[in-house]
Amino acid sequence: MVKLGQLSRIPLEVLQTLGRYGLDFFERLGRGHVFMIYVLMGFKDVLQRWQLVVIQIFSVGVLSFVIIVISGLFVGMVLGLQGYNTLVDFGAEESLGVLVALSLVRELGPVVAALLFAGRAGSALTAEIGLMKTTEQLSAMEMMAVDPLHRIVAPRFLAGTISMPLLAAMFSAVGVLGGYFVGVGLLGVDDGAFWSQMQDTVDLRDDIFNGIIKSFVFGIAVTWIAVFEGYDTVPTSEGISRATTRTVVNSSLAVLGLDFILTALMFNK
Amino acid sequence: MLQSKFIETVVGIFIAIGLAALLMLSMKVSNLSSLTSEDGYVIKARFLNIGGLKVRSPVKMAGVVIGRVSNIYIDEKSYDAVAELTIDEDFNNIPGDTSANIYTAGLLGEQYISLAPGGEETYLKEGDEIKITSDAVVLEQIIGQFLYSKAEGNSEGDL
């Protein structure tokens, strides 16, 4: 009987560990949502201090501009090359414009821009807020009766949410131009067919608006994760590095997962 | 103060570029006309077989897109396919005896409805039905018929 008791204790410990991870996960998830409610309540303060958001759009959006444009250009050019090589076998290289535009507007534009945004801006947000917490600047603000959620987090969240759709649109637009450059400029696809087939197939509401909705959702997700991880940092230098890593990993996974759900909802005909 | 002015200007440029990109996507990449074609009038056409016709396939007259297929369904009594065509309201003088054909753009292209105007004085209105239609050409059927007739010809030749 003693032996049986010892044996049965091992699975129990496993279950206990599993339960602890589960509880931790849901506790963090719940804290993230309560945190977001407080941030949303801070929006009324933000509207009175619009300047704060403008500065944050500069550091979150404008500074991501170069990486977004260059990546968009290269993704578009690669799509042009690869698409041409496949389509030319079927004598359908005139459809290159459709292929480039649809893949960019529907998927690659929002998703790749969001992944780059998570790496470029999300990690910076987490590190900044995390360092503010570690150096007790946030506590100091609270001492002065300034709510850091309203003053620090809300403008950053709003700036990220505004910047993301704009960046994704730039990514797609530059990507189409890159595909045009390779397809028409280098490989000799007909200029008129490239644009006209694209315009014939790409739909404003089904494709472009849905792409914008996607990037908007991704913007909310990435910025939310970034500011929450920053605010929830363990206030040590190791804690900051972990929080930054978690931001990039979690927000990338969130973007890809959300992308699947959104695509399933939007494009199931 | 100069610093914040600079940031404001750069952010302004950033947002302007973003909006310009959106505008380029909607004007240059997509078909804006699909939005305006929503406010047209609807006529119906009945086919035995619509082949690969889809909702949003173009409706053309003399090669010019004048509308889109807005709905496709089966008539529950006759088992015909009924296509609802939303025609741009600019083209409100389509004769009553117009015929509708389903054609394919190129060998592998998408299918579209081509309207051939008749000579009647009365024009089609909202809810009217096109009486003269011809069905989609299904490539497999034609190939099948061709092979069949070929085989028949050969066997006669042997005898």
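These legends walk through a few close-up views of a predicted model.

Local features are described where pLDDT is at least 70, side-chain atom pairs count only at pLDDT 80 or more, and totals for chains, interfaces and linings use all residues. Residues are numbered from 1 along each chain as its sequence is written, chains are lettered from A and ligands numbered from 1 in the order in which they are written, and side-chain values use heavy atoms, with hydrogens and water left out.

**View 1. Strand S4 of chain B is largely enclosed by the rest of the structure.** Eight of the eight residues of S4(B), residues 81–88, are buried (under 20% relative accessible area with a 1.4 Å probe, protein chains only; exposed is over 50%, partly exposed in between). Strands here are DSSP runs of E, at least two residues, and helices are runs of H or I, at least four residues, numbered from the N terminus. In a regular strand the side chains alternate between the two faces of the sheet. Here B:Ala81, B:Ala83, B:Leu85 and B:Ile87 point one way, while B:Val82, B:Glu84, B:Thr86 and B:Asp88 point the other way.

**View 2. S4(B) pairs with S1(B) and with S3(B).** Two strands count as paired if DSSP finds at least two bridges between them. S1(B), residues 40–47, runs antiparallel to S4(B) over eight bridges, and B:Ala45 sits opposite B:Ala83. S3(B), residues 64–74, is also antiparallel to S4(B), over seven bridges, with B:Gly67 facing B:Ile87. Six residues lie between the strands in the hairpin of S3(B) and S4(B), where B:Tyr79 takes a positive phi near 60°.

**View 3. The second largest pocket is lined by 16 residues.** A pocket is an open set of points on a 1 Å grid over the protein atoms alone, where a 1.4 Å probe fits, with protein on both sides within 12 Å along at least five of seven lines; lining residues have an atom within 4 Å of a point. A:Phe25, A:Arg28, A:Leu29, A:Glu229 and A:Asn250 lie nearest the centre of this pocket. Helices H1 (2–41), H9 (204–231) and H10 (237–266) of chain A each give two or more residues to the lining, and H1(A) gives the most, with seven.

**View 4. A:Asp232 lies in the loop between H9 and H10 of chain A.** With 15% relative accessibility, A:Asp232 counts as buried. Leaving aside neighbours within four places in sequence, A:Asp232 is in contact (heavy atoms within 4.5 Å) with A:Arg28, A:Arg31 and A:Lys133.
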